[in-house]
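User: I have a structure open and would like to go through it piece by piece. Can we start with the terms?

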Amino acid sequence: SAAHAEAAKTDVRLAAAQEEARRAAHELRRELEAKRREHDRAEAANRAKDEFLAMLGHELRNPLGAISGAMRVIERLPATSADHKAAREIAARQTAHLAKIVDDLTDVGRVVSGRIALRRNLLDLAQATTAAVATARSGAEAHAHEWTLELAPVLVSADPTRIDQVLANVLGNAAKFTPRGGRIRVRLAGEAGEAVLTVEDSG
């Protein structure tokens, strides 16, 4: 009958409308999920940038402190003394490290992504440790620490700037928390194909 036919048409239209509504809801969910993922990526990138800048800001203190300490030594000692020469070497080395950190800060791509580029070289970790100890001693000489070095030559593939920063942090903390007249012992050895650095202090 005409009534049944009209009812059937109405059912078809309702079914089509419901299907269209389901498709629209599905598409809306997809768009919302895509926007949420985009927002999460932006938030993660922003956090990475903030952490990167905070880390580099912290790392800037090491070379700046070492340069400041070296300049105090240079100012009070004659240019012919061994300590004066050592202080000049510290200032020159830390200035080079400072320049590399500033390069990282000015690389917009790495700042946004929160990534640090490692510039690997083959280096003698014993030499790097000796230089880092000299820097730490120049900043902590007022504490009159007794330093003992037992360093075996060990070659490693590493970024010299990052290694220097790691050593500066470890040795700087040892010097900072060891009381006047305390002992700091630094050992380096190769074990099973790895470089093992041990720092012991009486603080």
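Analyst: Contact means heavy atoms within 4.5 Å. This is a predicted model: local features need pLDDT of at least 70, side-chain atom pairs count only at pLDDT 80 or more, and totals for chains, interfaces and linings use all residues. Residues are numbered from 1 along each chain as its sequence is written, and side-chain values use heavy atoms, with hydrogens and water left out.

User: OK. Which residues does Val 186 touch, not counting residues up to four places away in sequence?

Analyst: Val 186 touches Thr 129, Val 133, Trp 147, Thr 148, Leu 149, Glu 150, Leu 151, Leu 171, Leu 197, Thr 198 and Val 199.

User: And which residues make up the largest nonpolar core?

Analyst: The ten residues are Ala 132, Val 133, Ala 136, Trp 147, Leu 167, Leu 171, Ala 174, Ala 175, Ile 184 and Val 186. Two or more residues each come from H4, helix H5 (160-177) and S4. H5 gives the most, with four residues. A nonpolar core is a set of buried Ala, Val, Leu, Ile, Met, Phe, Trp, Tyr and Cys residues joined through side-chain atoms within 4.5 Å. Helices (H or I, at least four residues) and strands (E, at least two) are DSSP runs, numbered from the N terminus.

User: Next, His 145: buried or exposed?

Analyst: His 145 is buried, because its relative accessible area is 9%. Buried means under 20% relative accessible area, exposed over 50%, and partly exposed in between (1.4 Å probe, protein chains only). His 145 sits in the loop between H4 and strand S2 (146-151).

User: Which backbone oxygen lies 2.9 Å from a polar atom of its side chain?

Analyst: That of Thr 178. The backbone oxygen of Ala 175 lies 3.5 Å from a polar atom of the His 145 side chain.

User: Different topic. What is the phi of Ala 192?

Analyst: It is near 55 degrees, a positive value in a residue other than glycine. Most residues other than glycine have a negative phi. Ala 192 is in the loop between strand S4 (183-191) and strand S5 (194-201), and it counts as exposed because its relative accessibility is 85%.

User: Last one: how many bridges join strand S1 to S3?

Analyst: Four, and the two strands run antiparallel. Strands pair if DSSP finds at least two bridges between them. Leu 122 has Ser 157 in S3 as its bridge partner. Strand S3 (residues 155-158) has a covered face, Val 156 and Ala 158, and an uncovered one, Leu 155 and Ser 157.

Conventions
Polar contact = N/O pair within 3.5 Å; in protein donor to acceptor, adjacent residues only side chain to side chain.
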